[in-house]
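Hello,

Here is the structure I mentioned. Please open it first, then read the notes below.

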Amino acid sequence: MTLKRKIMWTTISVVVLLCLYVCYVGKPVDVGTDTEVDGINSEVEQILYYAGLAPSSHNAQMWEVKVYPAEGKLVISPDNTRLLTAVDQDNRETYISMGAYARSCMLAFEAYGYNASLHISDNGQSITIIYANSGMSRDEGLLTLMRRRHTDKRDYTKASIPEFFQDGLKGIRGAVFVPDTTEVFTLVKDQTLAAAAEQRDNQDIRDELADWLRFSNGEVEKKKDGLTAEQNGITGLGKAIYYTFGSHWFAKGDTFAQTGYEMAQRQAENCAGYILITANDTNVGYIEAGMHLTEAWLYAVRNDIEVQPMSFAMESKARRFAIQNTMKLPYTPQMVLRVGYVDGAYGANALIRRDLRDYIQVQ
Ligand SMILES: Cc1cc2nc3c(=O)[nH]c(=O)nc-3n(C[C@H](O)[C@H](O)[C@H](O)COP(=O)(O)O)c2cc1C
C-alpha cells in the first residue's frame, strides 16, 4: 500500500471511530425506572410512577413514601439523606418538592379514577394521602400531560404569552404572571442575577451542585437522579463533548461556575416573562407552593409553553421579601418560572427517576 493510501485509510478509520464514539456517548439515556414494589398492586405502582415524575430541586427527589395498602393511605416525608444543605439551608426547596410530589400523586390517583384527599401535618413534616378506587375511567390526557412536563433550558423566542393564558393563570392559586415588558420583570431579573453571582462565588454551593451533576450515561443509569446533559439542554455532539471533558472536579472550578452564570444571564433575559408562585413563608406554605407549582406548570404544558424554574433569588429570604414588598404581594414569592416558546418541537422529559422501591416502603 502506498503512503498516500495508508494516510487515507487511517484518516477514514479515525473519523469512523470518532463518529461511533460520539453516537455512543451522545445517545439519549434511558434509565428505565423500575416500578415494582412488593406489596402494592400494579395499578398503584403505575400511579406512584407518575407521582415520581414531579419536579425537584437538582432532581434530588428528596421524598420518602410509606404506603399502607390495607388502609388506602400513604405518607410522604422528607428524605434527610438527600437534602441540599448548602443552597437550601432551611429545606424550603425540599418542602416545595414534596408539595409538587404530593400534588402529582393526587393528580395521578385522579387520572386512574380514584378519589383522593390530602392532609399536611402542622409542621409540614408529613403529607398524608387517603385514596380509594371510585371505578371511574382513566384520564389518559392528564397522564400524557404529566409525562410531557419538563424543565426546558433552551433559548426562548420573542413571542409573547397570549392574554387567554394570562387570564387562565389567575385561576391558579398563588400564581402571578410578570410579562417581560414590565418594570417588575427587571426587578425579578436583577434579583435573580445578583443572587446567581453570589452563588457563582460560593464554593459550598458550587461543590453541592457539582455532586448532583452527571457526567456519563453510566453514572445516570446507576444513580437515576441529578442533572444530566439532556436536562441541561445538551444533546448529541454537545453531550459527547460535555461528558468527555466534564467531571465533578471540573464542575467545582471557576471556569464552570462562570459559564453557568453566563448561561443564567442569557436565560433570565431571554424569555416572554416569569410566573411567580407565591405562598406563606412557612414549611406548610412551601408545600402549598409546590402544589400550586404543579398546577401552573401543567397549565403551561397544556398550552405548549416551556418552563424553567430559576431559583437563585428565591434561595435568599431577603430577596424573596424584597420582591414581595416592591410588588405589594399578599404572599411571598417561592418560585420564579421563566416561561416562553422555543423554535422547533416542544421539549420532552428525560424521565430520570429512581426505582420506586428506593424510596417507597410498604407497611
Ligand atoms: C424547588 C425547585 C427549584 C428548582 N430550581 C431550578 C433552577 O434554579 N434552575 C433550573 O434550571 N431548574 C430548577 N428546577 C427544576 C429541576 O431541576 C427539575 O425539576 C428536575 O431536574 C427534574 O427535571 P424535570 O423538571 O425535567 O422533570 C427546580 C425545581 C424545583 C422543584
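**Helix H3 and its partners**

H3 and helix H12 (residues 283–302) pack at an angle of about 50 degrees, and their axes are 6 Å apart. Bear in mind that this is a predicted model. Angles under 35 degrees count as roughly parallel and 65 to 115 as roughly perpendicular, so an angle between those ranges is oblique. H3 and H12 are therefore oblique to each other. The crossing of H3 past H12 is right-handed.

Which residues meet there? On the H3 side they are Arg92, Tyr95, Ile96, Ser97, Met98, Gly99, Ala100, Ala102, Arg103 and Ser104. On the H12 side they are Asn283, Tyr286, Ile287, Glu288, Ala289, Gly290, Met291, Leu293 and Thr294. By class, this contact of H3 with H12 holds 10 nonpolar, six polar and three charged residues.

H3 also meets helix H2 (residues 42–51). The axes of H2 and H3 come within 8 Å and cross at roughly 140 degrees. These two helices, H2 and H3, are therefore oblique to each other as well. Their crossing is right-handed. From H2, the contact uses Ile47, Tyr50 and Ala51. From H3, it uses Tyr101, Ser104, Cys105, Ala108 and Phe109. Seven residues in the contact of H2 with H3 are nonpolar, one is polar and none is charged.

**Two domains**

The protein chain is divided into domain 1 (42–149 + 350–362) and domain 2 (163–340). Their centres, taken over C-alpha atoms, are 21 Å apart.

**Around the ligand**

How many residues surround the ligand? There are 19, and the closest are Pro55, Asn59, His150, Thr151 and Ser311. Domain 1 and domain 2 each supply at least three residues of the shell. Helix H3 (92–111) and strand E7 (306–309) each supply at least two. The largest share, four residues, comes from H3. By class, the shell has six nonpolar, 11 polar and two charged residues.

Helix H3 gives the largest share of the ligand shell.

**One more helix pair**

Look next at helix H6 (residues 183–200) and helix H11 (residues 254–269). Their axes come within 10 Å and cross at roughly 170 degrees. Angles over 145 degrees count as roughly antiparallel. H6 and H11 are therefore roughly antiparallel to each other.

H6 brings Lys189, Thr192, Leu193, Ala196, Ala197 and Arg200 to the contact. H11 brings Ala257, Gln258, Gly260, Tyr261, Ala264, Gln265, Ala268 and Glu269. The residues of this contact of H6 with H11 divide into seven nonpolar, four polar and three charged.

Best wishes

How values were computed:
Residues are numbered from 1 along each chain as its sequence is written. This is a predicted model: local features need pLDDT of at least 70, side-chain atom pairs count only at pLDDT 80 or more; totals for chains, interfaces and linings use all residues. A residue is near a molecule or strand if its C-beta atom, placed from the backbone, lies within 6 Å of it. Ala, Val, Leu, Ile, Met, Phe, Trp, Tyr, Cys and Pro count as nonpolar, Asp, Glu, Lys and Arg as charged, and the others, Gly among them, as polar. Domain bounds come from an automatic or database domain assignment. Axes are lines fitted to C-alpha atoms, for helices over the stretch in contact, and angles run from 0 to 180 degrees between N-to-C directions. A crossing is left-handed if the near helix is turned anticlockwise from the far one by less than a right angle, and right-handed if clockwise. Two residues are in contact if their C-beta atoms, placed from the backbone, lie within 7 Å.
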